[in-house]
Amino acid sequence: MDKLAIVILNWNGEEMLKKYLPAVMHYSREEAQIYVADNASTDGSLNLLAQGFPECNIIRLERNWGFAEGYNKALRQIDAEYYLLLNSDIEVTHHWLTPLVEFMDAHPEVAACQPKLLSVFDKDMFEYAGASGGFLDRFGYPFCRGRIFDTVERDNGQYDYATEILWATGAALMIRSKDYWDAGGLDGRFFAHNEEIDLCWRLRIRGRKIYCLPESYVYHVGGGTLPKSNPMKTFLNFRNNLTMLYKCLPDSELRYVMCWRWFLDYLAAWQTLLLKGNWGDFRAIYRARRAYKRWKKDFSADRTAIQQSRVVEDIPGQYHFSVLWQYYAKGHKFFSEL
(Lines give C-alpha, C1' and ligand atoms only; values in the text may rest on other atoms or scores of the structure.)
Protein backbone atom coordinates (compact mmCIF):
# COMPACT_ATOMS: atom_id res chain seq x y z
CA MET A 1 0.00 0.00 0.00
CA ASP A 2 1.24 3.48 -0.90
CA LYS A 3 1.19 6.25 1.69
CA LEU A 4 -0.38 8.86 -0.59
CA ALA A 5 -1.86 8.81 -4.07
CA ILE A 6 -2.47 12.09 -5.87
CA VAL A 7 -5.25 11.49 -8.40
CA ILE A 8 -6.06 13.99 -11.15
CA LEU A 9 -9.30 13.32 -13.01
CA ASN A 10 -8.99 14.48 -16.60
CA TRP A 11 -11.43 14.99 -19.43
CA ASN A 12 -10.12 16.77 -22.51
CA GLY A 13 -7.77 18.76 -20.31
CA GLU A 14 -4.63 18.53 -22.43
CA GLU A 15 -3.78 22.22 -22.05
CA MET A 16 -4.29 22.18 -18.28
CA LEU A 17 -2.13 19.07 -17.91
CA LYS A 18 0.57 20.59 -20.06
CA LYS A 19 0.60 23.72 -17.93
CA TYR A 20 0.14 22.43 -14.38
CA LEU A 21 1.17 18.75 -14.23
CA PRO A 22 4.93 19.52 -14.38
CA ALA A 23 4.79 21.32 -11.02
CA VAL A 24 2.73 18.50 -9.48
CA MET A 25 5.37 16.02 -10.60
CA HIS A 26 8.27 18.22 -9.46
CA TYR A 27 6.93 19.10 -6.01
CA SER A 28 5.07 15.89 -5.16
CA ARG A 29 6.83 12.87 -6.65
CA GLU A 30 9.03 12.18 -3.60
CA GLU A 31 6.02 12.04 -1.27
CA ALA A 32 3.30 10.51 -3.43
CA GLN A 33 2.37 8.30 -6.32
CA ILE A 34 0.77 10.43 -9.02
CA TYR A 35 -2.11 9.21 -11.16
CA VAL A 36 -4.10 10.74 -13.98
CA ALA A 37 -7.50 9.09 -14.39
CA ASP A 38 -8.75 9.85 -17.88
CA ASN A 39 -12.51 10.07 -18.49
CA ALA A 40 -12.29 8.90 -22.14
CA SER A 41 -10.76 12.13 -23.45
CA THR A 42 -10.94 12.79 -27.18
CA ASP A 43 -8.17 15.40 -27.26
CA GLY A 44 -4.43 14.75 -27.03
CA SER A 45 -4.34 14.16 -23.27
CA LEU A 46 -3.25 10.53 -23.40
CA ASN A 47 -0.54 11.19 -25.98
CA LEU A 48 0.76 14.05 -23.86
CA LEU A 49 0.93 11.83 -20.78
CA ALA A 50 2.60 8.95 -22.60
CA GLN A 51 5.23 11.12 -24.26
CA GLY A 52 5.80 13.87 -21.71
CA PHE A 53 5.12 12.19 -18.37
CA PRO A 54 6.09 8.51 -18.61
CA GLU A 55 6.57 8.34 -14.82
CA CYS A 56 2.92 9.30 -14.23
CA ASN A 57 0.47 6.45 -13.64
CA ILE A 58 -2.46 6.47 -16.09
CA ILE A 59 -5.89 5.01 -15.42
CA ARG A 60 -8.00 4.81 -18.57
CA LEU A 61 -11.76 4.92 -18.00
CA GLU A 62 -13.97 3.64 -20.77
CA ARG A 63 -16.26 6.69 -20.92
CA ASN A 64 -16.83 10.06 -19.31
CA TRP A 65 -18.26 9.14 -15.93
CA GLY A 66 -18.24 12.72 -14.64
CA PHE A 67 -16.39 13.95 -11.59
CA ALA A 68 -18.04 11.83 -8.91
CA GLU A 69 -18.25 8.39 -10.50
CA GLY A 70 -15.03 8.98 -12.42
CA TYR A 71 -13.19 9.31 -9.14
CA ASN A 72 -14.99 6.30 -7.64
CA LYS A 73 -13.93 4.09 -10.54
CA ALA A 74 -10.36 5.37 -10.49
CA LEU A 75 -9.87 5.13 -6.73
CA ARG A 76 -11.06 1.52 -6.66
CA GLN A 77 -7.92 0.74 -8.64
CA ILE A 78 -5.54 2.46 -6.20
CA ASP A 79 -4.21 1.05 -2.92
CA ALA A 80 -3.13 3.94 -0.70
CA GLU A 81 -3.63 5.16 2.86
CA TYR A 82 -4.52 8.65 1.66
CA TYR A 83 -6.08 9.87 -1.56
CA LEU A 84 -5.57 13.43 -2.73
CA LEU A 85 -8.15 14.42 -5.33
CA LEU A 86 -6.60 17.21 -7.37
CA ASN A 87 -8.07 19.23 -10.22
CA SER A 88 -6.01 19.44 -13.38
CA ASP A 89 -6.08 23.26 -13.19
CA ILE A 90 -4.26 23.48 -9.85
CA GLU A 91 -0.81 25.05 -9.57
CA VAL A 92 0.92 23.49 -6.55
CA THR A 93 3.70 25.04 -4.49
CA HIS A 94 6.92 23.94 -2.82
CA HIS A 95 6.27 21.73 0.26
CA TRP A 96 2.52 21.91 -0.25
CA LEU A 97 2.03 18.29 0.77
CA THR A 98 4.02 18.24 4.02
CA PRO A 99 1.52 20.13 6.26
CA LEU A 100 -1.36 18.02 4.98
CA VAL A 101 0.33 14.66 5.53
CA GLU A 102 1.80 15.59 8.91
CA PHE A 103 -1.55 16.86 10.19
CA MET A 104 -3.44 13.78 9.04
CA ASP A 105 -0.81 11.48 10.55
CA ALA A 106 -1.08 13.29 13.89
CA HIS A 107 -4.89 13.48 13.99
CA PRO A 108 -6.56 10.13 13.33
CA GLU A 109 -9.96 11.63 14.13
CA VAL A 110 -9.70 13.78 10.98
CA ALA A 111 -11.07 12.18 7.82
CA ALA A 112 -10.12 14.84 5.29
CA CYS A 113 -8.50 18.21 4.81
CA GLN A 114 -7.77 20.84 2.19
CA PRO A 115 -5.10 23.48 1.57
CA LYS A 116 -5.90 27.16 1.15
CA LEU A 117 -7.11 27.87 -2.40
CA LEU A 118 -5.91 31.06 -4.07
CA SER A 119 -6.52 32.35 -7.59
CA VAL A 120 -4.05 31.70 -10.38
CA PHE A 121 -5.01 35.05 -11.91
CA ASP A 122 -4.48 37.14 -8.76
CA LYS A 123 -2.43 35.26 -6.22
CA ASP A 124 -3.45 37.57 -3.37
CA MET A 125 -7.12 36.65 -3.83
CA PHE A 126 -8.96 33.59 -2.60
CA GLU A 127 -10.39 31.29 -5.25
CA TYR A 128 -14.14 30.73 -5.47
CA ALA A 129 -14.22 26.93 -5.37
CA GLY A 130 -13.03 26.43 -1.79
CA ALA A 131 -11.09 29.46 -0.52
CA SER A 132 -10.06 28.65 3.06
CA GLY A 133 -12.63 26.01 3.96
CA GLY A 134 -16.35 25.46 3.44
CA PHE A 135 -19.54 25.72 5.50
CA LEU A 136 -23.33 25.51 5.01
CA ASP A 137 -26.11 27.77 6.22
CA ARG A 138 -29.52 26.74 7.57
CA PHE A 139 -30.95 26.22 4.08
CA GLY A 140 -28.03 24.39 2.48
CA TYR A 141 -26.25 27.30 0.77
CA PRO A 142 -22.47 26.78 0.76
CA PHE A 143 -19.98 29.52 1.57
CA CYS A 144 -16.33 29.69 2.57
CA ARG A 145 -13.82 31.53 4.66
CA GLY A 146 -12.85 34.03 1.99
CA ARG A 147 -15.88 33.69 -0.32
CA ILE A 148 -19.60 34.29 0.13
CA PHE A 149 -21.67 34.00 -3.06
CA ASP A 150 -19.90 36.16 -5.65
CA THR A 151 -17.84 38.17 -3.16
CA VAL A 152 -14.28 36.83 -3.03
CA GLU A 153 -11.93 38.31 -0.44
CA ARG A 154 -8.33 39.35 -0.71
CA ASP A 155 -6.03 37.07 1.30
CA ASN A 156 -4.43 39.23 3.98
CA GLY A 157 -3.68 36.29 6.26
CA GLN A 158 -7.02 36.74 8.06
CA TYR A 159 -7.80 33.03 7.89
CA ASP A 160 -4.28 31.66 8.23
CA TYR A 161 -5.05 29.24 11.02
CA ALA A 162 -6.12 25.62 10.89
CA THR A 163 -9.84 25.27 11.52
CA GLU A 164 -12.52 22.63 11.54
CA ILE A 165 -14.87 23.02 8.58
CA LEU A 166 -17.98 21.30 7.26
CA TRP A 167 -16.68 20.60 3.76
CA ALA A 168 -13.39 20.61 1.91
CA THR A 169 -13.13 21.56 -1.74
CA GLY A 170 -13.00 18.80 -4.32
CA ALA A 171 -10.38 20.83 -6.18
CA ALA A 172 -7.74 19.70 -3.67
CA LEU A 173 -9.20 17.18 -1.24
CA MET A 174 -7.01 14.91 0.87
CA ILE A 175 -8.95 12.05 2.46
CA ARG A 176 -8.24 8.77 4.20
CA SER A 177 -9.11 5.94 1.86
CA LYS A 178 -10.84 4.07 4.70
CA ASP A 179 -13.10 7.03 5.44
CA TYR A 180 -13.80 7.54 1.75
CA TRP A 181 -15.13 4.02 1.32
CA ASP A 182 -16.74 3.72 4.77
CA ALA A 183 -18.92 6.72 3.86
CA GLY A 184 -19.69 5.28 0.41
CA GLY A 185 -17.44 7.51 -1.68
CA LEU A 186 -18.72 10.30 -3.88
CA ASP A 187 -22.31 9.91 -5.05
CA GLY A 188 -21.87 9.01 -8.72
CA ARG A 189 -25.46 9.96 -9.53
CA PHE A 190 -24.57 13.62 -8.96
CA PHE A 191 -22.18 13.53 -11.96
CA ALA A 192 -20.63 16.84 -10.87
CA HIS A 193 -21.21 19.71 -8.39
CA ASN A 194 -21.96 19.44 -4.66
CA GLU A 195 -20.57 15.91 -4.59
CA GLU A 196 -17.66 16.76 -2.27
CA ILE A 197 -19.96 18.70 0.08
CA ASP A 198 -22.28 15.70 0.19
CA LEU A 199 -19.39 13.34 1.01
CA CYS A 200 -17.94 15.62 3.68
CA TRP A 201 -21.35 16.11 5.29
CA ARG A 202 -21.83 12.35 5.47
CA LEU A 203 -18.43 12.06 7.14
CA ARG A 204 -19.34 14.77 9.67
CA ILE A 205 -22.61 12.96 10.45
CA ARG A 206 -20.52 9.86 11.24
CA GLY A 207 -18.48 11.87 13.74
CA ARG A 208 -15.41 12.37 11.57
CA LYS A 209 -13.69 15.75 11.27
CA ILE A 210 -12.70 17.91 8.27
CA TYR A 211 -10.04 20.64 8.39
CA CYS A 212 -8.61 23.46 6.31
CA LEU A 213 -4.85 23.85 6.71
CA PRO A 214 -3.79 27.22 5.25
CA GLU A 215 -0.12 26.48 5.91
CA SER A 216 -0.47 24.55 2.67
CA TYR A 217 -1.66 26.63 -0.28
CA VAL A 218 -2.25 26.10 -3.99
CA TYR A 219 -3.49 28.21 -6.89
CA HIS A 220 -6.63 27.33 -8.84
CA VAL A 221 -7.85 28.41 -12.27
CA GLY A 222 -11.48 27.44 -11.56
CA GLY A 223 -14.34 26.88 -14.00
CA GLY A 224 -12.12 24.64 -16.09
CA THR A 225 -14.94 22.37 -17.28
CA LEU A 226 -18.07 24.54 -17.30
CA PRO A 227 -18.15 28.34 -17.16
CA LYS A 228 -19.81 29.84 -14.09
CA SER A 229 -22.95 31.00 -15.94
CA ASN A 230 -23.52 27.72 -17.80
CA PRO A 231 -27.17 26.54 -17.44
CA MET A 232 -26.01 22.93 -17.04
CA LYS A 233 -23.90 23.98 -14.07
CA THR A 234 -26.90 25.80 -12.61
CA PHE A 235 -29.07 22.73 -13.12
CA LEU A 236 -26.57 20.37 -11.47
CA ASN A 237 -25.96 22.72 -8.55
CA PHE A 238 -29.65 23.11 -7.71
CA ARG A 239 -30.62 19.48 -8.30
CA ASN A 240 -27.67 18.05 -6.39
CA ASN A 241 -27.93 20.51 -3.53
CA LEU A 242 -31.59 19.61 -2.96
CA THR A 243 -30.73 15.91 -3.10
CA MET A 244 -27.90 16.38 -0.62
CA LEU A 245 -30.27 18.14 1.79
CA TYR A 246 -32.78 15.31 1.48
CA LYS A 247 -30.07 12.74 2.24
CA CYS A 248 -28.33 14.50 5.10
CA LEU A 249 -30.75 16.72 7.03
CA PRO A 250 -32.13 15.20 10.25
CA ASP A 251 -35.84 14.46 10.45
CA SER A 252 -36.36 17.44 12.77
CA GLU A 253 -35.22 19.92 10.09
CA LEU A 254 -36.04 18.32 6.73
CA ARG A 255 -39.60 19.51 6.19
CA TYR A 256 -38.92 23.06 7.42
CA VAL A 257 -35.83 23.53 5.26
CA MET A 258 -37.39 22.02 2.14
CA CYS A 259 -40.45 24.29 2.42
CA TRP A 260 -38.19 27.30 2.54
CA ARG A 261 -36.08 26.00 -0.33
CA TRP A 262 -39.16 25.63 -2.52
CA PHE A 263 -39.83 29.34 -2.03
CA LEU A 264 -36.18 30.45 -2.28
CA ASP A 265 -35.44 28.42 -5.41
CA TYR A 266 -38.36 29.82 -7.37
CA LEU A 267 -37.53 33.29 -6.10
CA ALA A 268 -33.98 32.80 -7.43
CA ALA A 269 -35.34 31.64 -10.79
CA TRP A 270 -37.58 34.68 -11.26
CA GLN A 271 -34.89 37.04 -10.01
CA THR A 272 -32.49 35.55 -12.57
CA LEU A 273 -35.02 36.15 -15.34
CA LEU A 274 -36.39 39.56 -14.36
CA LEU A 275 -33.19 41.22 -13.14
CA LYS A 276 -30.66 39.59 -15.44
CA GLY A 277 -32.73 38.44 -18.41
CA ASN A 278 -31.14 35.00 -18.11
CA TRP A 279 -33.57 32.51 -19.66
CA GLY A 280 -31.03 29.68 -19.54
CA ASP A 281 -30.56 29.75 -15.77
CA PHE A 282 -34.29 30.41 -15.24
CA ARG A 283 -35.17 27.22 -17.09
CA ALA A 284 -32.30 25.33 -15.43
CA ILE A 285 -33.66 26.02 -11.93
CA TYR A 286 -37.16 24.87 -12.92
CA ARG A 287 -35.67 21.75 -14.55
CA ALA A 288 -33.63 21.07 -11.42
CA ARG A 289 -36.69 21.24 -9.17
CA ARG A 290 -38.56 18.80 -11.45
CA ALA A 291 -35.56 16.47 -11.68
CA TYR A 292 -35.18 16.40 -7.90
CA LYS A 293 -38.87 15.57 -7.48
CA ARG A 294 -38.58 12.71 -10.00
CA TRP A 295 -35.51 11.03 -8.54
CA LYS A 296 -36.00 11.77 -4.83
CA LYS A 297 -37.43 8.27 -4.28
CA ASP A 298 -34.18 6.75 -5.53
CA PHE A 299 -32.39 8.21 -2.49
CA SER A 300 -34.75 7.06 0.26
CA ALA A 301 -32.52 4.10 1.17
CA ASP A 302 -29.50 6.42 1.22
CA ARG A 303 -31.30 8.78 3.57
CA THR A 304 -32.21 5.94 5.92
CA ALA A 305 -28.63 4.63 6.01
CA ILE A 306 -27.15 8.10 6.55
CA GLN A 307 -29.52 8.92 9.39
CA GLN A 308 -28.81 5.55 11.02
CA SER A 309 -25.08 6.33 10.88
CA ARG A 310 -25.59 9.65 12.71
CA VAL A 311 -23.53 10.10 15.86
CA VAL A 312 -23.51 13.94 15.79
CA GLU A 313 -26.60 16.16 15.83
CA ASP A 314 -25.11 19.67 15.97
CA ILE A 315 -22.26 19.64 13.45
CA PRO A 316 -19.66 22.43 13.58
CA GLY A 317 -19.77 24.38 10.33
CA GLN A 318 -23.47 23.77 9.70
CA TYR A 319 -24.79 27.16 10.76
CA HIS A 320 -28.33 27.96 11.89
CA PHE A 321 -28.54 31.39 10.23
CA SER A 322 -29.47 32.25 6.65
CA VAL A 323 -26.44 33.40 4.67
CA LEU A 324 -28.86 34.96 2.16
CA TRP A 325 -30.22 37.22 4.89
CA GLN A 326 -26.72 37.98 6.18
CA TYR A 327 -25.45 38.86 2.71
CA TYR A 328 -28.34 40.68 1.07
CA ALA A 329 -30.28 42.18 4.00
CA LYS A 330 -27.51 42.90 6.50
CA GLY A 331 -24.74 43.56 3.97
CA HIS A 332 -22.30 41.11 5.50
CA LYS A 333 -20.09 40.24 2.55
CA PHE A 334 -17.09 38.76 4.39
CA PHE A 335 -16.92 35.58 6.46
CA SER A 336 -15.53 37.49 9.45
CA GLU A 337 -18.73 39.58 9.54
CA LEU A 338 -21.12 36.65 9.91
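1. Basis. The model is predicted, so that local features need pLDDT of at least 70 and side-chain atom pairs count only at pLDDT 80 or more, while totals for chains, interfaces and linings use all residues. Residues are numbered from 1 along each chain as its sequence is written, and side-chain values use heavy atoms, with hydrogens and water left out.

2. Overall form. The protein has 11 helices and 13 strands, where helices (H or I, at least four residues) and strands (E, at least two) are DSSP runs numbered from the N terminus. The radius of gyration is 19 Å, close to the 20 Å that the globule rule gives for 338 residues, so the protein is as compact as a globular protein of that length; the radius is taken over C-alpha atoms, and the rule is 2.2 Å times the number of residues to the power 0.38. Along the principal axes, the C-alpha trace spans about 55 × 45 × 40 Å.

3. Burial. Of the 338 residues, 57% count as buried, a term that means under 20% relative accessible area, with exposed over 50% and partly exposed in between (1.4 Å probe, protein chains only). Helix 6 (residues 195–205) is mostly covered, 11 of its 11 residues being buried, and among them are the charged residues E195, E196, D198, R202 and R204. Just after helix 6, G207 takes a positive phi of about 90 degrees.

4. Aromatic pairs. The structure holds 27 aromatic pairs; rings of Phe, Tyr and Trp (its six-membered ring) pair if their centres lie within 6.5 Å, and planes under 30 degrees apart count as stacked, over 60 as edge-to-face and the rest as tilted. The rings of F149 and Y327 have centres 5.1 Å apart and planes at 80 degrees, so this pair is edge-to-face. Because F149 lies in the loop between strand 9 (147–148) and strand 10 (151–152) and Y327 in helix 11 (residues 323–329), the pair ties together parts that are 178 residues apart in sequence. Both F149 and Y327 are buried.

5. F282 and Y286 form a tilted pair, 5.0 Å centre to centre with 40 degrees between the planes, and both lie in helix 9, four residues apart, about one turn of the helix. F282 is buried, with a relative accessible area of 9%, whereas Y286 is partly exposed at 24%.

6. Cluster and charges over rings. One aromatic cluster is formed by F126, F135, F143, Y159, Y319, F321 and F335. The charged end of R145 sits over the ring of Y161, 4.8 Å from its centre, and that of R147 sits over the ring of Y128, 4.0 Å from its centre; this requires NZ of Lys or CZ of Arg within 6 Å of the ring centre and within 35 degrees of the ring normal.

7. Second largest pocket. This pocket has a volume of about 290 Å³, a pocket being an open set of points, on a 1 Å grid over the protein atoms alone, where a 1.4 Å probe fits, with protein on both sides within 12 Å along at least five of seven lines, and lining residues having an atom within 4 Å of a point. Helix 8 (251–276) and helix 9 (279–295) are the elements that give two or more residues to the lining, and helix 8 gives the most, with six residues. By class the lining has seven nonpolar, no polar and five charged residues.

Key:
Grid points are joined across faces, edges and corners, and a volume is the space filled by probe spheres set on the points.
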